[in-house]
Amino acid sequence: MADEALFLLLHSEMVAGLYRAAEQGEGENGRCTTKLESMGFRVGQGLIERFTKDTARFKDELDIMKFICKDFWTTVFKKQIDNLRTNHQGIYVLQDNKFRLLTQMSAGKQYLEHAPKYLAFTCGLIRGGLSNLGIKSIVTAEVSSMPACKFQVMIQKI
Amino acid sequence: MNSELFTLTYGALVTQLCKDYENDDDVNKQLDKMGYNIGVRLIEDFLARSNVGRCHDFRETADVIAKIAFKMYLGITPSITNWSPGGDEFSLILENNPLVDFVELPDNHSTLIYSNLLCGVLRGALEMVQMAVDVKFVQDTLKGDSVTEIRMKFIRRIEDNLPAGEE
């Protein structure tokens, strides 16, 4: 069992490290968010495979989303998604009122501009998880007041 | 479950660094640097939660690292061996390293020190408690060795109260 503190520090150092490298011209600038997202994607793919090993087959798309909001989120972030909304046409909004990766930053609006960096990995995590369950999606995140945030999942019909 | 999250995330990080940097040496350096930054912050969490007091000698430090810190953060207890006669150098033997749970090194990365982050973490954390140490991998199961061995060498006490690099 790895400790949670270690994951939180690793995640924030990943963000910091990528941006630091980009500033020094070592990595390609402006692509940090994409990199973080794709790292999350890989991790999401791996995790969902392990988490769903012993679960029953999912009924439908909504069933899968509920699994992401409850089991998946609890295992990764120690709490459930607080609110799941959908327009029943392929758009889901997952709201977390106290998102674990933002709680270490001061609440409110002071560092709001930095928040997207800390959400990219998780966007990828959701997209990767869904992808391994056969759902192609685009995931974006939105923060208006930390540490609350919303993830919007747009299902891509194949 | 949580350890899979950490292991997989670390794997994704190493993979990304291998794409970003041309040679393994640069990846090793980058991992060490990131580990260092983690270590200097992790020590606060460690001291706050472990209730460990000041160590009187390097042997005690070794015990705290292996039996408390590794146990707390990675869930393993490495054994301490190969003390140098002067008592300033020892090895941590990791029977199983959780960082490499799902890992195989491809042939073209033979000089990659996959878990090098750990060295940085140890160096960074100890620096914050006024100890300069040299940390490196001397054996690695990923490279075919039977165990993973981290060698730690005490260099000096840091008397200066300012952390390095901050003037």
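Modeller: One convention comes before anything else: helices here are DSSP runs of H or I with at least four residues, and strands are runs of E with at least two, numbered from the N terminus. The model we are reading is predicted.

Biologist: Where do Lys29(B) and Asp26(B) lie, and how many residues apart are they?

Modeller: Both belong to helix H2 of chain B, and a spacing of three residues, about one turn of the helix, separates them. Lys29(B) is exposed, because its relative accessible area is 57%, whereas Asp26(B) counts as partly exposed at 28%. Elsewhere in chain B, salt bridges with shared partners link Asp88(B), Glu89(B), Arg151(B) and Lys153(B) into one network.

Biologist: How many salt bridges does the structure hold over all chains?

Modeller: Over all chains there are 17 salt bridges. One of the pairs to look at is Arg49(B) with Asp3(A): Arg49(B) sits in helix H2 (residues 24-50) of chain B and Asp3(A) in the segment before H1 of chain A, so the pair joins two chains. The N to O distance in this salt bridge is 3.1 Å.

Biologist: Which residue does Asp82(A) form a salt bridge with?

Modeller: The partner of Asp82(A) is Lys79(A), and their closest N and O atoms are 2.8 Å apart. Asp82(A) is partly exposed, with a relative accessible area of 41%, and Lys79(A) also falls in the partly exposed class, at 22%.

Biologist: What area do chain A and chain B bury between them?

Modeller: As a general idea, the size of an interface is often given as the accessible area lost when the parts come together. In this model chain A and chain B bury about 3000 Å² between them, and carbon and sulfur atoms account for 68% of it. Chain A brings 31 residues to the contact and chain B brings 30 residues.

Biologist: How many aromatic pairs are found over all chains?

Modeller: A pair of aromatic rings is described by the distance of the centres and the angle of the planes. A search of the whole structure gives 14 aromatic pairs over all chains. In one of them, the rings of Phe99(A) and Phe151(A) have centres 5.4 Å apart and planes at 75°, so the pair is edge-to-face. Phe99(A) lies in the loop between strand E2 (91-96) and helix H4 (120-132) of chain A, and Phe151(A) lies in strand E4 (residues 149-155) of chain A, so the pair ties together parts that are 52 residues apart in sequence. Both Phe99(A) and Phe151(A) are buried.

Biologist: At what distance and angle do the rings of Phe58(B) and Trp83(B) stand?

Modeller: Their centres are 6.2 Å apart and their planes are at 85°, so this pair is edge-to-face. Phe58(B) belongs to helix H3 (residues 58-74) of chain B and Trp83(B) to the loop between strand E1 (79-81) and strand E2 (89-94) of chain B, so the pair ties together parts that are 25 residues apart in sequence. Phe58(B) counts as buried at 8% relative accessibility, whereas Trp83(B) counts as partly exposed at 23%.

Biologist: Which residues form one aromatic cluster with Phe99(A)?

Modeller: Trp73(A), Phe77(A) and Phe151(A) form one aromatic cluster with Phe99(A).

Biologist: Where is Gly87(B) found, and is Gly87(B) buried or exposed?

Modeller: Gly87(B) is in the loop between E1 and E2 of chain B, and a relative accessible area of 19% places Gly87(B) among the buried residues. Its C-alpha is 9.1 Å from that of Asp57(B), although Gly87(B) and Asp57(B) are 30 residues apart in sequence.

Note on methods: Residues numbered from 1 in each chain as written. Chains lettered and ligands numbered in written order. Predicted model: local features only at pLDDT ≥ 70, side-chain atom pairs only at ≥ 80, totals over all residues. Heavy atoms only, no water. Contact = heavy atoms within 4.5 Å. Buried area = accessible area lost by both parts, 1.4 Å probe. Salt bridge = Lys/Arg side-chain N within 4 Å of Asp/Glu carboxyl O. Phe/Tyr/Trp six-rings, centres within 6.5 Å; stacked < 30°, edge-to-face > 60°. Buried < 20%, exposed > 50% of the residue type's maximum accessible area, 1.4 Å probe, protein only.
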